[in-house]
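Please look through the sequence and the structure shown below; the report that follows takes up a pair of packed helices and then a pocket.

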Amino acid sequence: MGLSKTIWANPPEFLRAQEPEHPVIFFAPSVLQATARRFLDGFPGLVTYAVKSNPAEMVIQNLVAAGIKGFDVASPVEIAMIRRLAPGAAMHYNNPVRAKSEIAFAVTQGVVSYSVDSRSELEKLIALVPTQNPHGPTEITVRFKLPVEGAAYNFGAKFGATVEVAAALLARVAEAGFVPSLTFHPGTQCTAPMTWDAYIRAAAEICRQSGVQARRLNVGGGFPSHRVKGELPPLEAIFALIGRVTREAFGDKAPALVCEPGRGLVAESMTSAAQVKAVRDGTHVFLNDGTYGLMDELLLAGVITRLTVLAPAGVKREGPTVPRIIFGPTCDSVDRLPGEVPLPEGIAEGDYLVIEGMGAYSTATNTAFNGFGAVSVVTVLSLTL
Ligand SMILES: *Cc1c(COP(=O)(O)O)cnc(C)c1O
């Protein structure tokens, strides 16, 4: 990834001037900072950032500058990076399965909050993590799951204890002398706010069953980003629902709230541009970027419509659209966007397919498969097309 030294006005200005032959991702720090402020002003608790969604240093630095004071980390590499870039920030090690060596490393780096979803992993933590740290008692957060839908991808398929198991784990955490807390993840790109409602009420039920008052409730990530033309995610409505349901479910024993958005914080701050390599026999569109590149996650997203086609002169192609199959550059047949994507009928070789809302799970999952994967990161003042 080459980092451009110049700050450009917007994506069309760069595309016009450079006519890049590799995929480009445009980053607007102003948009990232504005989104961070929206979370900090609206969410009724501590806002942390899920580093995996985009671990670029400039992303972390801009979030710190905007006032983000906590990070959800999942590996020693992420822990070391946050220690370096945000030395005073809280780190929540919320990958519930860890090797003993990973736990030992986290302890040396001053991690004082760990999530867990099983008895065996909890006993590993109890054996290896001191109950007290220089700032007070260490927190263990029990992660639970419910059989509910509402997100693009069901995180409960891999992690999370049932309500009954979570109640037993929470009691064991308290008995072992750690701060007992609860967490869940409603699933990424969660467009059904009632999912949070169901999870928060289940958290209160876990506290009742275990007889333990949770100190904090981490309501996960999952905050949606704008994926389909014309649909703006109702972030403020979700924040209000989380606050209201927590008061209703817990009354005066309400735990302090934490959230850990990845996508919801970073997606809007980046826009990608891929060049059309060919319109094969007038039908299939081949791009220089695909699902092994910045578009890995689009496989989960269904047909995306939040895209714009720019001719090499930076001018938008408008007019009637035709549904097209879009392929990426590798020789693998999986390297194709889902469904048929509506594209302007005049799309031609050399044009750019510009996709907004690409800050999450794009550069983070880019691979060099088949010799592709070179991406330029270009800083822009605005993402206006
Ligand atoms: C990935 C992840 C997140 C972020 O999820 P988004 O859907 O991107 O907001 C938050 N918490 C945990 C534990 C995760 O694994």
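In this predicted model, helix α8, which spans residues 194-210, packs against helix α9, residues 235-250, at an angle of about 25 degrees, and their axes lie 9 Å apart. Since angles under 35 degrees count as roughly parallel, α8 and α9 are therefore roughly parallel to each other. The crossing in which α8 passes α9 is right-handed.

On the α8 side, the residues that meet α9 include Met 194, Trp 196, Ile 200, Ala 203, Ala 204 and Cys 207, together with the charged Asp 197, Arg 201 and Arg 208. Their partners in α9 include Ile 238, Leu 241, Ile 242, Val 245 and Phe 250, and also Thr 246 and Glu 248. Sorted by class, this contact of α8 with α9 holds 12 nonpolar residues, one polar residue and four charged residues.

The second largest pocket has a volume of about 450 Å³. Its lining is made up of 24 residues, and those that lie nearest the centre of the pocket are Gly 110, Val 112, Ser 113, Asn 133 and His 135. Four strands, β5 (90-93), β6 (113-116), β7 (132-133) and β8 (136-137), each supply at least two residues of this lining, and the largest share, three residues, comes from β5.

Terms used
Residues numbered from 1 in each chain as written. Predicted model: local features only at pLDDT ≥ 70, side-chain atom pairs only at ≥ 80, totals over all residues. Heavy atoms only, no water. Axes fitted to C-alpha atoms, helices over the stretch in contact; angles between N-to-C directions. Parallel < 35°, antiparallel > 145°, perpendicular 65-115°, else oblique. Left-handed = near helix turned anticlockwise from the far one by under 90°. Contact = heavy atoms within 4.5 Å. 1 Å grid on protein atoms, 1.4 Å probe; cavity = no way out; pocket = protein on both sides within 12 Å on 5 of 7 lines; lining within 4 Å. Points joined across faces, edges and corners; volume = space filled by probe spheres on them.
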